[in-house]
Amino acid sequence: MAKSRVLVVGGTGYIGKRIINASLAEGHPTYVLRRSEIGLDIDKLQILLSFKQKGARLVDGSFFDHRSLVDAVKQVDVVICTMSGVHFRSHNLLMQLKLVEAIKEAGNIKRFLPSEFGVDPAQMERALEPGRVTFDEKMTVRKAIEAANIPYTYISANCFGGYFAGNLCQMRTLLPPKDKVYIYGDGNVKAIYMDEDDVATYTIKSIDDPSTLNKTLYLRPPENILTQMQLVEKWEKLTGKMLEKISISAEDFLSKIKGADFVEQVALGHFYHIFYEGCLTNFEIGENGAEASELYPEVRYTRIQEYLKRYL
Ligand code: NDP
Ligand code: GO6
């Protein structure tokens, strides 16, 4: 079977870059949207040019030019969107509705992967304000995809290591703490940590796979399902140094939402659901889901122990 042609929208971003690399590595003809809005963003342009050097094809287009999106989509078989969530107070994710419209009109797309890559929004009907905006927007996009009968796969990637593991789940820093570590409650709720390159590898594996058609692919590699205490222990073993542990009650944690800026309010809600409620692990994968490390056992996923070594 010929390798499907892949278009990545949002390719210069954190997870998008890795998806382009994984797509090229798997031998897919890989196309990247070059948005006309990038203007003088020289770093973005250089990243795009570096993709071209590695064999990707750049396609000019804009979310404000419907025709350009339709033309871009017509050149490929699979579209992967990796647009950002909420870094500022803008409804970025809803921009994807324009992409859904273009895919619907083009009519040729065999698989669409919208920008998901985190908590499964379908589990988050009772999520806190304002963090729930990310889940609500992802659900709005899902509804549009399904109403248009576009074949899809949703990737639930759980916690990117860079935001959650390297910092031992501390907020407002991406580095491991040196002396004391804040523990959410008793630190015994299970979360799931992912190397970002593995997120990209599993994502690309899924695009031509009939068993992920119209399903959610959960990334739950068994050895990376850990409580916060287990994660901290792994770091302590690596460094040979014990950290002072300070437990934060759920109540104290929630009280921080008031007065925080918007991005922090969103993040506080997300951290609450993950580390107090256990929203990543408190449900079984059902009929409409599949688990990545079971489907693709040939992928040698990065153990969090190895991931943490980068921070030594
Ligand atoms: P980034 O913030 O890195 O942004 C990705 C891309 O979004 C940018 O490169 C840009 O595309 C595009 N973009 C941003 N603003 C606009 C706009 N106004 N119009 C059009 N395009 C825009 O995204 P991430 O990689 O961090 O996030 C991707 C997904 O992953 C999101 O759904 C997010 O919720 C999820 N996520 C999950 C995490 C986890 O721990 N599981 C952690 C972080 C994110 P271009 O390249 O064209 O300029
Ligand atoms: C990552 C962040 C970390 C924000 C998800 C502020 C969507 C998801 C796990 O954008 O709000 O400290 O699932 O001080 O479905 C942000 C968000 C993380 C990054 C969470 C995310 C995770 C988005 C912070 C901080 C480390």
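Predicted model: local features only at pLDDT ≥ 70, side-chain atom pairs only at ≥ 80, totals over all residues.
Local features need pLDDT of at least 70, side-chain atom pairs count only at pLDDT 80 or more, and totals for linings use all residues. Residues are numbered from 1 along each chain as its sequence is written, and side-chain values use heavy atoms, without hydrogens and water.

Start with helix H8, residues 228-239. Helices here are DSSP runs (H or I, at least four residues), strands are runs of E (at least two), and both are numbered from the N terminus.

Gln-228, Leu-231, Val-232, Trp-235 and Glu-236 are the buried residues of H8, with buried meaning under 20% relative accessible area (1.4 Å probe, protein chains only). They cover an arc of only 140° around the axis, so they sit on the same side of H8. That arc is taken from the directions from the helix axis to the C-beta atoms. An α-helix has 3.6 residues a turn, so residues three or four places apart point the same way. Among the elements covering the buried residues of H8 are helix H6 (161-164), strand S8 (180-184) and helix H12 (304-309). Contact means heavy atoms within 4.5 Å. Gly-240 follows H8, with a positive phi near 70°.

Now helix H3, residues 66-74. Its buried residues are Ser-68, Leu-69, Val-70, Ala-72 and Val-73. They pack against strands S1 (6-9), S2 (30-35), S3 (57-61) and S4 (78-81), and against helix H4 (96-106).

Key:
Chains lettered and ligands numbered in written order. Buried < 20%, exposed > 50% of the residue type's maximum accessible area, 1.4 Å probe, protein only. Expected span 1.5 Å × (residues − 1).
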